[in-house]
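Subject: Structure handover

Hello,

Here is the structure I said I would pass on. My notes on it follow below.

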Amino acid sequence: MSIAYSVYPDHQTASERVADLFTNVLSSGSPTVLGLATGSTPLQVYGELCRRHRNDGLSFSQASSFNLDEYLGLESGHPQSYRHFMREHLFDHVDIDLARTHLPDVHADDAQSASDEYERQLQQSGGVDLQLLGIGTNGHIGFNEPGTKKDSLTRVVDLAPSTIDSNQRFFESPDQVPRQAITMGIASIMRAKQIVLLATGQAKAAAVAGAIQGPISADNPASYLQSHPHVHFVLDESAASELKPGDD
Ligand SMILES: N[C@@H]1[C@@H](O)[C@H](O)[C@@H](COP(=O)(O)O)O[C@@H]1O
């Protein structure tokens with residue numbers, strides 16, 4: 001099994017192609033459920049969608065959204081919380097109804113009940129029409145770290161040491177980096193009707209090659225995507241650099 005992929009010369013061009021997919025589902029005129037991701041990778045996708053809203057009238061008025069994950073342990077409104085990220089980079093710049101934007105409730109007394117409730121809302125939404133993913137250098141999607149099972153649902157997870165290291169760049173000091181998160185599971189993600197994974201930069205090349213051309217394995221959670229019927233990887237040349245030729 002393999003995954004379809006496209007390679008573009010740079011991050012901006014790749015991001016515009018991903019924005020095209022979002023534009024298509026948003027332009028259908030019917031209610032749409034978007035699956036959204038955070039991290040540095042999708043920033044230009046969101047920038048492009050904001051530009052299209054401003055200049056071309058692209059409307060989010062029929063959209064609702066579910067984010068993949070949220071850190072546990074940050075106070076409400078923390079600048080590195082994913083809710084804050086989404087408002088800063090997308091929600092506050094387009095006509096989406098904030099009441100229909102969903103992120104896991106990390107301030108509930110019982111984080112596992114809040115995770116179960118998120119999974120229930122996700123299932124009741126009718127399903128994600130288009131899910132955007134990034135990928136960790138260890139192959140994680142959302143915060144589904146290596147070792148995650150294919151049937152996993154939304155739950156509380158411990159972050160891998162390599163993920164904590166990678167995320168240190170967003171915090172003032174290493175001890176401020178959260179150690180836990182609530183994340184959609186692999187099975188939650190795989191229910192999306194269409195999935196696009198955007199990866200750019202050399203640091204992602206090995207994880208991308210393993211996901212597309214390696215065995216389906218918990219060692220590289222993105223490899224589970226091989227069994228999804230409508231998944232596409234959008235890559236820049238660096239992220240594609242460890243793919244073996246002749247397998248696209
Ligand atoms: N939970 C997020 C993922 O959803 C994201 O895809 C990944 C890569 O982040 P970046 O895009 O900054 O490389 O790590 C984060 O920790």
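Which residue in β8 is the bridge partner of D158? The partner is Q180. Please keep in mind that this is a predicted model.

The strands β7 and β8 (residues 180-183) run antiparallel and are joined by 4 bridges. They belong to an open sheet of 3 strands, paired antiparallel in the order β4-β8-β7. Since β4 and β7 each have a single partner strand, they stand at the edges, so one side of each has no neighbour in the sheet. From one strand to the next, the twist averages 30 degrees. Helix α4 (residues 111-124) packs on this sheet and touches β4, β7 and β8. The direction of α4 makes about 125 degrees with that of β7.

There is also an open sheet of 7 strands, with parallel pairing and the order β1-β10-β9-β6-β2-β3-β5. Its edges are β1 (4-8) and β5 (101-102); each has a single partner strand, so one side of each is left without a neighbour in the sheet. Within this sheet, β9 (residues 194-199) and β10 (residues 231-236) run parallel and are joined by 5 bridges. V196 stands opposite H232 in β10.

Next, the annotated positions. The unreviewed UniProt entry places the feature "active site" at D69, N138, H140 and E145. I looked at two of them.

D69 has 24 other C-beta atoms within 10 Å; the cut-off for buried is 20 or more, so D69 counts as buried. Setting aside residues up to four places away in sequence, D69 touches Y82, P104, G142, F143, A181, I182, T183 and M184.

N138 lies in the loop between β6 (130-133) and β7 (155-158). With 19 other C-beta atoms within 10 Å, N138 is partly exposed. Beyond its neighbours within four places in sequence, N138 is in contact with E145, P146, A160, S162 and A207.

Last, the ligand. There are 14 residues around the ligand, and those that come nearest are G39, S40, T41, G134 and G136. By class, the shell consists of 9 polar, 4 nonpolar and 1 charged residues.

Regards

Conventions
Residues numbered from 1 in each chain as written. Predicted model: local features only at pLDDT ≥ 70, side-chain atom pairs only at ≥ 80, totals over all residues. UniProt positions renumbered as here; feature names shortened; annotations may be inferred. Buried ≥ 20, exposed ≤ 12 C-beta atoms within 10 Å, placed from the backbone. Contact = placed C-beta atoms within 7 Å. Helix = DSSP H or I, 4+ residues; strand = E, 2+ residues; numbered from the N terminus. Near = placed C-beta within 6 Å. Nonpolar A, V, L, I, M, F, W, Y, C, P; charged D, E, K, R; others polar. Pairing = 2+ DSSP bridges. Axes fitted to C-alpha atoms, helices over the stretch in contact; angles between N-to-C directions.
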